[in-house]
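Here's a quick briefing on the chain shown below. Have a look at the fold first, then read on.

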Amino acid sequence: MKNIIITLALLFGISGLSQAQEKFDQELADKVGADPYGMKKYVIAFLYRGDRVNEYSAEERDELQKGHMANISRLAEEGKMVLAGPFFGNEDLRGLFFFDVQSIEEAQALTESDPSIKAGVLKMVLKEWYGSAALPLLFDLHSKIAKEDI
């Protein structure tokens with residue numbers, strides 16, 4: 001009986017392993033820049049409330065926000081930004097950007113293209129991060145579930 005259980009466990013294990021290997025897609029892994037673990041480096045931008053927020057009227061901040069959102073859309077369409085979003089609440093930490101770039105310097109240049117950063121309404125702290133290489137695929141998937149643009 002013990003041998004039958006061990007044999008069945010091995011067969012199920014081998015079957016699961018072969019199914020995982022059948023699902024591997026080398027072309028897709030190459031397209032997204034995956035390492036052998038399906039991972040790669042990104043740069044995360046932590047968005048904080050800027051030092052100059054109070055220098056702008058509500059109307060001016062609304063215009064800066066529109067430019068901020070347009071910049072996010074542009075960077076996403078260019079494939080440079082793979083994930084972005086605000087935090088709930090009104091704390092100093094406002095949101096995150098995940099950049100699909102190779103260096104902090106490249107991410108720094110991208111953050112400087114944001115009108116809210118230029119105006120000092122937001123400031124960013126950049127940090128390298130190791131995560132799933134599949135993140136760039138979210139942009140196309142998101143467009144299939146969003147009824148309205150932000």
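Predicted model: local features only at pLDDT ≥ 70, side-chain atom pairs only at ≥ 80, totals over all residues.

Residues are numbered from 1 along each chain as its sequence is written, and side-chain values use heavy atoms, with hydrogens and water left out.

**Overall layout**

- You're looking at six helices and four strands, where helices (H or I, at least four residues) and strands (E, at least two) are DSSP runs numbered from the N terminus.
- Read from the N terminus, the order of elements is α-α-β-α-β-β-α-α-β-α.
- Of the 150 residues in the chain, 27% are buried; buried means under 20% relative accessible area, exposed over 50%, and partly exposed in between (1.4 Å probe, protein chains only).
- The accessible surface is about 10,700 Å², and carbon and sulfur atoms own 58% of that (Shrake-Rupley method with a 1.4 Å probe; for residues, only the protein chains shown count as cover).
- Take the contacts (heavy atoms within 4.5 Å) between residues at least 6 apart in sequence, and 74% of them join residues at least 24 apart.

**Nonpolar cores**

- A nonpolar core here is a set of buried Ala, Val, Leu, Ile, Met, Phe, Trp, Tyr and Cys residues joined through side-chain atoms within 4.5 Å.
- The largest one has 15 residues, with Ala45, Phe97 and Phe99 making the most contacts inside it.
- At least two residues of this core come from each of strand 1 (39-49), helix 3 (58-77), strand 3 (93-99), helix 4 (104-111) and strand 4 (122-132).
- There's also a second, separate core of six residues, and Tyr42, Ile44, Val82 and Leu96 are among them.
- Back to Ala45: leaving out residues up to four places away in sequence, its contacts are Gly95, Leu96, Phe97, Phe99, Met124, Val125 and Leu126.
- As a general point, nonpolar side chains in soluble globular proteins tend to be buried together.

**Pockets**

- Pockets come from a 1 Å grid over the protein atoms alone: a pocket is an open set of points where a 1.4 Å probe fits, with protein on both sides within 12 Å along at least five of seven lines, and lining residues have an atom within 4 Å of a point.
- The largest pocket holds about 1,100 Å³ of space; grid points are joined across faces, edges and corners, and the volume is the space filled by probe spheres set on the points.
- It has 36 lining residues, and Met69, Ile72, Ala84, Gly85 and Ile150 are the closest to its centre.
- Strand 1, helix 3, strand 2 (81-86), strand 3 and helix 6 (138-143) each give two or more residues to that lining, and helix 3 gives the most, with nine.
- By class, the lining of the largest pocket splits into 21 nonpolar, eight polar and seven charged residues (Ala, Val, Leu, Ile, Met, Phe, Trp, Tyr, Cys and Pro count as nonpolar, Asp, Glu, Lys and Arg as charged, and the others, Gly among them, as polar).
- The second largest pocket comes in at about 170 Å³.
- Its lining has 14 residues, with Ala29, Val32, Ala34, Gly38 and Ala133 nearest its centre.
- Helix 2 (residues 26-32) supplies the largest share of that lining, three residues, and the classes are 10 nonpolar, two polar and two charged.

- Val43 sits in strand 1 and is buried, with a relative accessible area of 0%.
- Beyond four places in sequence, Val43 touches residues including Phe97, Phe99, Ile104, Ala107 and Leu126; Asp100 is 57 residues away in sequence but 6.7 Å away in space, C-alpha to C-alpha.
- Met124, in strand 4, counts as buried because its relative accessibility is 16%.
- Met39, in strand 1, is partly exposed because its relative accessible area is 24%.
- Not counting residues up to four places away, Met39 touches Gly33, Ala34, Tyr130, Gly131, Ser132 and Ala133, and its C-alpha lies 9.3 Å from that of Ala29, 10 residues apart along the chain.
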